Amino acid sequence: MITIRSLRDLVRLFFIYRREFLWACALTMLMAVLAAFLLPSRYESQARLLIKPGRENTTLPIEAADRQTIFSPVTQRDPILDEEKMFTGGPISRTVAQYYLERMQDAPPRGFWRTIKHHIGAASGWLLERLRDLLILLGLVEDQPVVDRLAKRLLKNMSVSHEPGSAVMEIRFRWDDPVIAQEVVRAWVDAYLQDRTEALSRNSLHGFYEQEADKAAERIATLKSERLERLRQLKAVSTAERLESLTVQINRLNEDLLSKTNDRAGIQRLLVDARAELRKQPREVITEREISLNPTQQDLKLKLNELEQSRARLLRTYTEEAPPVQDIDAQITAMRQLIEQHNERLERSRNVAPNSIVSKLAQDIVDAELQDSRLVGQIADYQEQIESLRQQRLDVQAQEPEILRLSMELDNAEKSYALYAANVEKARIDRELDLNQISNVAIIEAATINRSRVFPKSLLILLMALPAGIAVGCLAIYLCYLLDQRIHDADGLEQRLGVPVWATLEDLGESPWHPDNVFIASLSRLYNLLPLRNVATQGVTVAFTSAARGEGTQFVAHFLKRALEARGLQVLLNEQQAPAAGQVRLLTVPHLLSDDQAFPRLQRADVIVLVVQASATTLPVVTQVLSLLRTAFGRVDGIILNRHSFSLPRRVQRILGRWSAA
């Protein structure tokens, strides 16, 4: 736990973790030296092949080139990629591995270091084989032939590439011997050319195309006859035309049926209205009659006039209440009633004839009924025809999927026949080219031999050993700085622990001790922080405790006793009796975490101070001790950081001081 504020702190980190730095640097340099001299050498052999545009890499498959509705390539594929896949294929690698086992496995190494490396590799290979046998025995790995394992090893050291847009395929192979590397590349190229010729051979393609063309022709004839038979059953040229014709007829009949239905509905309504009107009309009508006034009523009206005249004469003599007037009023009333009982006019004669409206309605009803009967027959005929046409359409629709399938198969068969027929001549040309071993691959650079190793670069490794060691050492210092939980300085300690730091005591080395001014100043600060106000009236007990033994509680108590006695105070060191007035008792309680009597002794203390050894005590331990003290006593008065050291030599401190002053 170090706070870095300046260059001095960085240099201090180096001196604190100097041992780790030296170990990391030394191990890195040792590994670099061993790698420079003991790593197996690798030599590289190269070859270049030119892939010329030809029939193998420019002609797309039939399905991709001529059947765009079935398969449409999204982008144009680089043909060199297919050549690279073929070059690094399993059959070719196994062929080369078999060739290596037969001719190059027992080649003796040349040179002293090569011989040593060869024997080391042979020993490590033997150990790996025994380990592999053990794993096979346990069932953890599967047993593989030697050829397959060697083929995988050869493929791991083989690399094939080409530049974008280039038709040159670059081949690189690395091995521990340049001659063997050259021979492997040469054998690999020969195996690739041979395997490529055999894989792309089209000796049987011409016959295949002819045979498939004949099959396609037979298939076309069969499909045509089957489709023609089904169309003959439907009495149609095609299902689409037949369905369209039937649909047109059904629609036309539906329109006529709807018209006839509407006509019949109108006639039915006409019949209902005519019959209702016929019931309302009379059967006979009066054509002529003679009418005159009723003589009886006229005679009664004359008598009424006479009575009214008589009443008028009586009113001249009598009042209205007189009996003669009332009698005549009664007669007048009776006369009026009698007049009302008779008609005013009398029919003397009349002529009667049949009603012409009734006759006309009856004739219309008869005509409408006849027309309704005719429409009923027509509607029935239309419905029967529509039902027949619908049944025919259902039959056509039932046969349509099969006829469409036959048509699609016929189209595909015709396309296949056209493709096979078009590629028969092409296949014949390819066959002749393959028979004459004509290839579009040219070797523009044969397998080379390069006696300069490409790995390891021993001189470069040795030159980079020291910088790499320094870099790894610096990384080790950084990791130690991140992982180190020890307390080196008092910076930030109070904020982390919540307890004030009373003093930081410098490391005085081994006894006898000779305190310097810095140590005496720190001790004086500690004296000033002690609560000694009540020493004159009552004694004070100060307890120094630590997490483990050897952190300096006795050391701090010893020097504090000398400082107190120098100031005229009487000091008791680890005494059992309580201090009297004017006395200061100092208690040392080391190894708090393992001493059973530590807490009873601390209960008698007025002041509890935790002593922490710098560069030794870790922060988690201090946190645990503080937690125990707070739990037991509810307080910790202060912390003393003992044996603090900057870990910098005096000469380095003087140099850094001059730099900071400048």
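Helix α2 (residues 18-38) is the main contributor to the nonpolar patch, giving seven residues. The patch covers about 820 Å² and consists of W23, L27, L30, V33, L34, F37, L38, I120 and L462. Patch residues have over 30% relative accessible area and no salt bridge, with nonpolar side chains (Val, Leu, Ile, Met, Phe, Trp, Tyr) joined within 5 Å and like charges within 9 Å. L38, in helix α2, is partly exposed at 41% relative accessibility. Buried means under 20% relative accessible area, exposed over 50%, and partly exposed in between (1.4 Å probe, protein chains only).

The model is predicted: local features need pLDDT of at least 70, side-chain atom pairs count only at pLDDT 80 or more, and totals for chains, interfaces and linings use all residues. Residues are numbered from 1 along each chain as its sequence is written, and side-chain values use heavy atoms, leaving out hydrogens and water.

The protein chain has 21 helices and 12 strands, taken as DSSP runs numbered from the N terminus (helices H or I, at least four residues; strands E, at least two). Of its 662 residues, 33% are buried.

The count of salt bridges is 19, each a side-chain nitrogen of Lys or Arg within 4 Å of a carboxyl oxygen of Asp or Glu.

| Salt bridge | Closest N to O distance |
|---|---|
| E44 and R172 | 4.0 Å |
| R275 and E369 | 2.3 Å |

E44 forms its salt bridge with R172; E44 lies in strand β1 (residues 43-51) and R172 in strand β3 (residues 168-175), so the pair ties together parts 128 residues apart in sequence. E44 is buried at 11%, while R172 is partly exposed at 26%. Both belong to a salt-bridge network that also includes E170 and R174.

D595 sits in the loop between β10 (583-589) and α19 (598-602). D595 is buried without a salt bridge, and the nearest side chain of opposite charge, R601, is 5.1 Å away. A polar atom of the D595 side chain lies 3.1 Å from the backbone nitrogen of Q597.

I2, in the segment before α1 (7-16), is buried with a relative accessible area of 6%. Beyond four places in sequence, I2 touches R12, L13, I16, Y481, H488 and D489, where contact means heavy atoms within 4.5 Å.

Methods. Lys, Arg positive; Asp, Glu negative; His and termini not counted. Polar contact = N/O pair within 3.5 Å; in protein donor to acceptor, adjacent residues only side chain to side chain. Areas by Shrake-Rupley, 256 points an atom, 1.4 Å probe, with all protein chains shown as cover.
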